[in-house]
Amino acid sequence: MTYLVIGAGGVGGCIGGYLADAGFDVTLIARGRHLEAIHSRGLRLYNTRRGDELCVHPKACTADEFTGRADVIFVCVKGYSIDEVVPLIDRAADAGSVVIPVLNIVGTGERLAPRLPGRLVLDGCIYIGAYISGPGEVTQTGDLFRIVYGQRDTDEPDGRLNKIAGELRDASIDVVVSDDIRRDAFRKFMFVSPLAAAGAYYDMTAGELAAPGKGHDLFVELIRELQAIADKRGYRFPDDMVENSLRRLDALSPDATASMQKDLKKGGSSEIDGLIFEPARIAHELGVPAPAYEQLSRFFEKRLGKKL
């Protein structure tokens, strides 16, 4: 299969890098100094499952330069960049392509599908710690690397999903082909959103949120509000999601912060709409009380001049 990875940051860089190292046909969409470095000396990945230091040479270009098609398209951009990459996906995908968004924002594939008629657009999420550590360089933090994806509303999954899973596993990437992707993507969201929201509101790191205090209390309250949404939707999880999220929080580096929190500090675009405003909207639509998300939404509306 041929792979197109849109976005060559920590997530996309690792997906593309692992696949390229395993010998698969991969093209990375990147830009700026990162792209220049990949062209000049390859993509370097550190602390990976496939070796402490990898240097791979996938094809790489800008979105405008790509003119081919791909069997599998991984969408690894931030939520606020989705509109920018739809024309590229539309060009690169045909009826034989599978599009797999792995964003922090739940329901991305469901929203993309009507804009890409005739293409198989999944929903998905990813579990990994990785970041761009320099031009043409990506560093992985920890061994976790798992992609979860699946179709919505079908009892007969497309056979291509398992074929893709086999190739990803050959590249040392863990894969789950989900039988309920809405549930499984929301499960990850129940950690990512509270981490970003509580961290941004109090300007706290993961270590500070893990310690007893106001940040920890807000983190837990946000999880409970998302649990109420999950219950309303009929999602059932095998474990206590508060305890699950607290364990994951403890496993992070104490100085870690969510990318949304970093972006807000820089003053540029961020995923705040999907990570804070959207849960408040969903709760309102379902008739589920969500006072903490509503409070944070009002706070950031005023701070950023955005409307819920």
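Is R44 buried, partly exposed or exposed? I looked this up and found that R44 is partly exposed, at 21% relative accessibility. I noted the cut-offs: buried is under 20% relative accessible area, exposed is over 50%, and partly exposed is in between, with a 1.4 Å probe and protein chains only.

Before going on, I wrote down that the model is predicted, that local features need pLDDT of at least 70 and side-chain atom pairs pLDDT 80 or more, and that totals for chains, interfaces and linings use all residues. Residues are numbered from 1 along each chain as its sequence is written, and side-chain values use heavy atoms, with hydrogens and water left out.

Entry on salt bridges. I took the term to be a side-chain nitrogen of Lys or Arg within 4 Å of a carboxyl oxygen of Asp or Glu. My search of the whole structure gave 23 of them.

I looked up the partner of R44 and found E53, with the closest N and O atoms 3.6 Å apart. E53 is partly exposed at 49%.

Next I checked R69, which pairs with D71 at 3.0 Å, N to O. R69 is partly exposed at 37%, and D71 is partly exposed at 22%.

Then I looked at R115, which forms a salt bridge with D83, the closest N and O atoms being 2.8 Å apart. R115 is in the loop between α4 (108-112) and β8 (120-121), and D83 is in helix α3 (residues 82-92), so this pair ties together parts 32 residues apart in sequence. Helices (H or I, at least four residues) and strands (E, at least two) are DSSP runs, numbered from the N terminus. R115 is partly exposed at 41%, whereas D83 is exposed at 53%.

Last, I noted one network, in which salt bridges with shared partners join R49, D143 and D174.
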